[in-house]
Amino acid sequence: MRNPPGAAFAHRYGPVALIAGASEGIGAAFARELAAAGLHLVLVARRDAPLAALGKELRAAHEVDVRTLPCDLAEPAATDAITGACRGLEIGLLVYNAAASSVGRFLDTPLDAHLRAVHVNARGPVLLAHAFGGPMAARGRGGIVLMSSLTAFQGTPFVASYGATKAFNLVLAEGLWSELKERGVDVLACCAGATLTPGYERATPPRAGFRFAPSPQDPVDVAREALDALGHRPLVVTGRGNRIASFVMRRIFTRRLAVATMGREMRKRYD
Ligand SMILES: NC(=O)c1ccc[n+]([C@@H]2O[C@H](COP(=O)([O-])OP(=O)(O)OC[C@H]3O[C@@H](n4cnc5c(N)ncnc54)[C@H](OP(=O)(O)O)[C@@H]3O)[C@@H](O)[C@H]2O)c1
């Protein structure tokens, strides 16, 4: 069993971490890892009950302060609600984990669902990285983790707009990694593959998996790999199988072949 991040991590990225999208899955795994490292937490998601339960669990287990803030990151007022709830707190780490996704043909999916993905997955990280990156840069230390996905690396039918937002996260994080490192702020894009979260299980039909896809990862492993990579590189692809798959798709296949391969697999599963 691997140890949680140590005192140097808490010194660099503490005292408080803000996790956007923390009520379950990978976000909750980040919360457990960071609380074990001694960071206080602000946890954001739409549903109050799972946030409150997680907060109670972490306060009892690690003697950290945990504030919970139920709010919808698709709403323009969310940023003010979050910055208001964080007033007076030194947020040393922002993890933007929340995502809206819908699987289906682009034209058969209501426009609102596509726009919701743009608002939650793309506008949200810009707003929060801007709001909290400034104070981090002024202090000369801090970290920002943006959750991306293997869908960031090529167009993927049936999740075209979701994949495009994940490419946005990747490119935003890489640009900020370069720009903010001289101001002491580490930025990371975390590209996960299939991960066994409640959200993944709700969206995935109970049929055979992708023919060539690596096995789904445990959310805890995704969070740990991201926190280990923060400060060392701009991008981490989590899981050995995902690293091999993404190497083949990005470095060996042409882009056209990569899109066609994803298309074949997605059609088998969702068409
Ligand atoms: N799971 C996978 O297979 C996989 C693969 C690649 C990348 N990823 C990425 O990893 C991240 C986490 O995925 P996941 O599967 O753990 O979870 P998810 O089902 O996408 O939800 C993540 C968290 O975000 C919250 N959330 C969603 N929409 C929100 C909104 N509008 N406002 C506030 N909070 C919101 C959810 O809680 P509430 O419902 O309570 O709001 C939940 O706590 C996402 O960025 C996703 O793109 C996941």
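What follows is a set of questions and answers on this structure.

Guide: This is a predicted model, in which local features need pLDDT of at least 70, side-chain atom pairs count only at pLDDT 80 or more, and totals for chains, interfaces and linings use all residues. Residues are numbered from 1 along each chain as its sequence is written, and side-chain values use heavy atoms, with hydrogens and water left out.

Visitor: What is the strand order of the open sheet of 7 strands?

Guide: Helices (H or I, at least four residues) and strands (E, at least two) are DSSP runs, numbered from the N terminus. Two strands pair if DSSP finds at least two bridges between them. Pairing in this open sheet is parallel, and the order of its 7 strands is 3-2-1-4-5-6-7.

Visitor: Over how many bridges do strand 1 and strand 4 pair?

Guide: Strands of a sheet pair through backbone hydrogen bonds, either parallel or antiparallel. Leu 18 has Leu 94 in strand 4 as its bridge partner. Strand 1 (residues 16-20) and strand 4 run in the parallel sense, and they pair over 5 bridges.

Visitor: Which residue in strand 5 does Tyr 96 stand opposite?

Guide: Strand 4 (residues 91-96) pairs in the parallel sense with strand 5 (residues 142-149) over 4 bridges. Leu 94 stands opposite Ile 144. For Tyr 96, the residue opposite is Leu 146.

Visitor: How many of the residues of strand 4 are buried?

Guide: Buried means under 20% relative accessible area, exposed over 50%, and partly exposed in between (1.4 Å probe, protein chains only). Strand 4 is largely enclosed by the rest of the structure, because its buried residues number 6 of the 6.

Visitor: How many residues of strand 5 are buried?

Guide: In a regular strand the side chains alternate between the two faces of the sheet. On one side of strand 5, Gly 142, Ile 144, Leu 146 and Ser 148 are buried, and on the other Gly 143, Val 145, Met 147 and Ser 149 are too. Strand 5 is mostly covered, with a buried count of 8 of its 8 residues.

Visitor: Is Thr 151 buried or exposed?

Guide: Thr 151 is found in the loop between strand 5 and helix 6. Its C-alpha atom is separated by 13 Å from that of Val 103, 48 residues apart along the chain. At 13% relative accessibility, Thr 151 counts as buried.

Visitor: How many disulfides does the structure hold?

Guide: A disulfide is counted when a pair of cysteine sulfur atoms lies within 2.5 Å. For Cys 190, the nearest cysteine sulfur is that of Cys 191, 6.9 Å away. Cys 190 and Cys 191 are each buried, at 0% relative accessibility. The number of disulfides is 0.

Visitor: What volume does the largest cavity have?

Guide: On a 1 Å grid over the protein atoms alone, a cavity is a set of points where a 1.4 Å probe fits but cannot get out, a pocket is an open set with protein on both sides within 12 Å along at least five of seven lines, and lining residues have an atom within 4 Å of a point. Grid points are joined across faces, edges and corners, and a volume is the space filled by probe spheres set on the points. The whole structure has 2 cavities of 30 Å³ or more. The volume of the largest is about 40 Å³.

Visitor: Which helices each supply at least two residues of the lining of the largest cavity?

Guide: Residues lining the largest cavity include Ala 78, Ile 82, Gly 124 and Leu 128. The helices that each supply at least two lining residues are helix 4 (78-85) and helix 5.

Visitor: How many charged residues are in the lining of the second largest cavity?

Guide: Ala, Val, Leu, Ile, Met, Phe, Trp, Tyr, Cys and Pro count as nonpolar, Asp, Glu, Lys and Arg as charged, and the others, Gly among them, as polar. The second largest cavity has a volume of about 30 Å³. Its lining has 5 nonpolar and 5 polar residues, and the charged ones number none.

Visitor: Which element gives the largest share of the lining of the second largest pocket?

Guide: About 190 Å³ of space lies in this pocket. Helix 5 (111-139) and helix 6 (160-180) each give two or more residues to its lining. The largest share, 6 residues, comes from helix 5.
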